[in-house]
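Okay, thanks for making time, everyone.

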Amino acid sequence: MSQKGEGIDLETSLGYLLKEASSALRAAMEEVLRPLGMTVTHYSCLELLAQRPGLSNSELARGAFVTRQSMNVLLQNLEREGHVTRPAKAPVGKVLPTRLTPLGRQNLEKASAAVRSVELRMLSGMTEAERAGAFRIMKSMIRSLRDDNEGA
């Protein structure tokens, strides 16, 4: 609460601090990905496909925190550039499962190393115990917000 009793005191708001950290992380990631010709969304899409081949446009959009329309445009560009493949016709229903190509995997390796360097820099001032605690706390906050949202 603010000292005046109205609004949120940004200096003590954990939510605002989390948003500021998210913004700083995204900016640092964009900075290391730009020389590789990638955005954070581009990288996220490739990383998701490496870990879960065959995801649909909708699943990729949810995982990368973008709209289905934005993901569709990105996938068309990635396909045109040779980073991903999608069947011309859906094997089942309407879903076009997307897979990384060897070129996509190669570019992802470089991007993953760049993003990992940002994460290591972000955590460099913390002990292993502090890192574990931060991870546990963040997971708890996410779980609490999702649980409350699902009950609403």
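**A walk through the chain**

So, the protein chain has six helices and two strands. Keep in mind that this is a predicted model. If you read along the sequence, the pattern goes α-α-α-α-β-β-α-α.

Let's do the overall shape. You'd expect a radius of gyration near 15 Å for a compact globule of 152 residues, but the protein chain comes out at 19 Å. Its C-alpha atoms fill a box of roughly 60 × 40 × 25 Å along the principal axes. Of the 152 residues, 30% are buried. As for contacts, take those between residues at least 6 apart in sequence: 44% of them join residues at least 24 apart.

The accessible surface is about 10700 Å², and carbon and sulfur atoms account for 55% of that.

On to the helices. How far apart are the end C-alpha atoms of helix 5? They are 31 Å apart, and since 22 residues at 1.5 Å a residue should span 32 Å, that agrees. Helix 5 covers residues 102-123, and its buried residues are Gly-104, Asn-107, Leu-108, Ala-111, Ala-114, Val-115, Val-118 and Leu-123. If you're wondering about the spacing in that list, remember that an α-helix has 3.6 residues a turn, so residues three or four places apart point the same way.

Helix 1 gets the same check. It runs over residues 14-33, and its 20 residues should span 28 Å; the end C-alpha atoms are 28 Å apart, so that agrees too. Buried here are Ala-28, Met-29, Glu-30 and Leu-33. And what covers them? The cover includes helix 2, residues 40-51, and helix 5.

Next, a residue I'd like you to look at: Phe-65. You'll find Phe-65 in the loop between helix 3 (57-64) and helix 4 (68-81). Phe-65 isn't a glycine, yet it has a positive phi of about 60°. For background, most residues other than glycine have a negative phi. Is Phe-65 buried or exposed? Its relative accessible area is 73%, and the cut-off for exposed is over 50%, so Phe-65 is exposed.

Last stop, Gln-69, which sits in helix 4. Gln-69 has 55% relative accessibility, so it counts as exposed as well.

How values were computed. Residues numbered from 1 in each chain as written. Predicted model: local features only at pLDDT ≥ 70, side-chain atom pairs only at ≥ 80, totals over all residues. Heavy atoms only, no water. Helix = DSSP H or I, 4+ residues; strand = E, 2+ residues; numbered from the N terminus. Rg over C-alpha atoms; globule rule 2.2 N^0.38 Å. Buried < 20%, exposed > 50% of the residue type's maximum accessible area, 1.4 Å probe, protein only. Contact = heavy atoms within 4.5 Å. Areas by Shrake-Rupley, 256 points an atom, 1.4 Å probe, with all protein chains shown as cover. Expected span 1.5 Å × (residues − 1).
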